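Please keep the structure open while you read, and find each residue as it is named.

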Amino acid sequence: MADQNYDYDVLVIGAGPGGYVAAIRAAQLGLKTACAEGRETLGGTCLNVGCIPSKALLHASEYFDAAANGTMKELGIDVTPKLNLDQMHAQRRDAVEGLTKGVAFLFKKNKVDWLNGYAKFKDAHTVEVGGETKTAKNIIIATGSAVTPLPGVEVDNDNHVVVDSTGALELPKVPKKMVVIGAGVIGLELGSVWRRLGAEVTCVEFLDQVLPGMDGDIRKEANKIFTKQGIEFKLSTKVTGVTVKGKKATLTLEPAAGGDEETMEADCVLVSIGRRPNTDGLGLDAIGLETNKRGQIETDHDFRTKVDGVWAIGDVVPGPMLAHKAEDEGIACAENIAGQTGIVNHAVIPSVVYTWPEIAGVGLTEEEAKETGEVKSFKFPMMANSRAKTNHEPDGFVKVIADAETDRVLGVWCIASVAGTMIAEAAVAMEFGATSEDIAYTCHAHPTHAEAMKEAAMGVTGKPIHV
Ligand code: FAD
Ligand code: NAD
C-alpha cells in the first residue's frame, strides 16, 4: 500500500539491469513500484544491445573459429565450416527477445507497473512519462550509459560502415577489413567476433597497451594472444578523423604524442572508446541535482543523491560500468529504501572479458596493490594445468596477489578459457577476507581449470607442485 500522498512508494527510471532489478526487489519488499523505460523492451543496454547479444555472437563465432582455425582438427574432428550469418544473427535476436520478455514476465509476477516513455523530473517526487504525471515517495535514477562519441567521426549504424557497438552487432556481412578504434573491452570482444568470422581486424589504441585498468601482466599477455590470433594492434596512436565514400572509410591516424599523419582504409570502422552516463533530458535541473566532471551522479554509500528522496545506481553513478555491479546496487538501493541495510562491496566487483581465452580479474591490480604496501604474487601458467593442457588451451595464467605481511588476498587475475567462471571463487574468497593459504589449502576437484587458482595461491607461499 503506497503512501497516500504519492502514486508509488518507488518509481525507477530506466529498466536496465540496475533499474529492473531494483524495481523487482522493491516490489518483493512490499513497496508499490513502477519502472519507466523509454525503450520498447525491458532489460536496458545489457539485454538489448550489450552483454547478451554480444555474448550470443561471441559464443557462436567461437565455434566457427574452432572449426576454421584447426582446433577441431587437433581434437580429431575434420570439418570445413560454412558461415550462415543470417542464422547466427537470428539466434542472437532470439536470445534477446526471450530474455527481455522474461523481464516483462517478472514485472507482471511481482506487480511492478511498467511505464512506457522517457521520464523527466518536474520535482523530486514527480516525473512526466508518456504524457502522464506520476508521483513517488522515492525515485531511483537508473538511466545507464550510452556510447561516447569521437569528435570528427560520425557513426551511422544503418550504413554499416562507421558503427558503434550496437551497429557492430548487426553487420549484414563480414567486412573484409575492419578497424576498431579503442582496444578496450568492446573493441576486443566485437573485434574478436568479426576476426573469427573472417575479417582482417586492426585495433587502434591511444594508450601504449590494451585493456586499460587491468593488471599489467594481463594486458601484456592479452596483447600477445590476440596478436597471435591475427588482430593487429596500432598502440599509442589516435584517430583524428574518418571520411566515408559509399561503403569505404578512410581513417587519419597520428601518433598519440604527435607526429606524422597516416591514412588507413576500411570497410567497417567500430568506434569503441568508452561509454558516458545518460542524464540528458532527465530534467536534473528541476530538482537541483548536478553531475560531476565525468557526467556521473554522485551518491553516498546507500545510493542516496544530494536530493532527498532521489537515489541513483548503475552506469549513471561512479564505478565500473558493469551489469552485475548495477544489479547489486539495485538490490541494495531498494533494500535501503525499505529500511533494510543494503550494501555493495565495491572493492570486490569481478570483471570479465569474454574473448577466447577469457580474461577476468577481481580486486587490485599488482600495480595498485604495490601502492598500498609490500605484496607477494605468483603466476601459475595454464600450460601447467592438466585440464587446460589436455583441452589444447595452453594460453594464459592465474595470478594471485596477496599482502606480504598478512597474506590476505588483494587481487586475482586470470587468462584462461573459463576465466569468467573461475573468478567467482576468488570473489567469494576475497569477500570472506581469505588469505592465499586459505585458497591453497581448499581442496579443488581434479582435473579442472580451477586447480590453477589453487596452485597460484600455493605459489604465493612458495609451494606450488606443478611448476
Ligand atoms: P542500462 O542497461 O544502460 O539501462 C538504462 C535504461 O534506462 C536504458 O534502457 C534506457 O533506455 C533507459 N533510460 C535512459 N533514460 C531514461 C529516461 N529518462 N526515462 C526512461 N528510461 C530511460 N557488462 C557486463 O557486466 N558484462 C558484459 O558482458 C557486458 N557486455 C557489454 C557489451 C556491450 C556491447 C555493451 C555496450 C555493454 C556491455 N556491458 C557489459 C555493460 C552493461 O551493459 C552495463 O554496465 C549495464 O547495462 C548498466 O546497467 P544500467 O541499468 O545502469 O543501465
Ligand atoms: P573501454 O573504456 O573499455 O575502452 C576504450 C578504449 O578506447 C580505451 O583503451 C581508450 O584508451 C581507448 N581510446 C579512447 N579514445 C581513443 C581515441 N581517440 N583513439 C584510440 N583509442 C582511444 O570502453 P569500451 O570498450 O567502449 O566499453 C565501454 C564500457 O562498457 C566499459 O566500461 C566496460 O566496462 C563495459 N563493457 C563491459 C563488457 C564486459 O564486462 N565484458 C563488455 C563490453 C562493455
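Domain bounds, as used here, come from an automatic or database domain assignment. In this predicted model, the shell around ligand 2 draws at least three residues from each of domain 1 (8–146 + 276–337) and domain 2 (157–273).

**The shell around ligand 2**

- Of the 23 residues around ligand 2, those that come nearest are Ile186, Glu189, Glu205, Gly274 and Val352.
- Sorted by class, the shell consists of 14 nonpolar, five polar and four charged residues.
- Helix H7 (185–196) gives the most to this shell, with three residues.

**Polar contacts and burial**

- An oxygen atom of ligand 2 lies 2.6 Å from an N or O atom in the side chain of Glu205, and an oxygen atom of the ligand is 2.8 Å from a polar backbone atom of Ile186.
- A backbone N or O atom of Met321 is found 3.1 Å from an oxygen atom of ligand 2.
- Ligand 2 taken alone exposes 840 Å², and the protein buries 79% of that.
- The elements that give two or more residues to the shell are helix H7 and strand E12 (237–245).

**The sheet that includes E12**

- Three strands form an open sheet in the order E12-E13-E14, with antiparallel pairing.
- E12 and strand E14 (262–266) stand at the edges, each with a single partner strand, so one side of each is left without a neighbour in the sheet.
- From one strand to the next, the twist averages 25°.
- Strand E13 (residues 248–255) pairs with E14 in the antiparallel sense over five bridges, and Ala249 stands opposite Ala266 in E14.

Definitions and conventions:
Residues are numbered from 1 along each chain as its sequence is written. Chains are lettered from A and ligands numbered from 1 in the order in which they are written. This is a predicted model: local features need pLDDT of at least 70, side-chain atom pairs count only at pLDDT 80 or more; totals for chains, interfaces and linings use all residues. Side-chain values use heavy atoms; hydrogens and water are left out. A residue is near a molecule or strand if one of its heavy atoms lies within 4 Å of it. A polar contact is a pair of N or O atoms within 3.5 Å; within protein, one must be able to donate a hydrogen and the other to accept it, and residues adjacent in sequence count only if both atoms are side-chain atoms. Accessible areas come from the Shrake-Rupley method with a 1.4 Å probe; for residues, only the protein chains shown count as cover. Helices (H or I, at least four residues) and strands (E, at least two) are DSSP runs, numbered from the N terminus. Ala, Val, Leu, Ile, Met, Phe, Trp, Tyr, Cys and Pro count as nonpolar, Asp, Glu, Lys and Arg as charged, and the others, Gly among them, as polar. Two strands pair if DSSP finds at least two bridges between them. Axes are lines fitted to C-alpha atoms, for helices over the stretch in contact, and angles run from 0 to 180 degrees between N-to-C directions.
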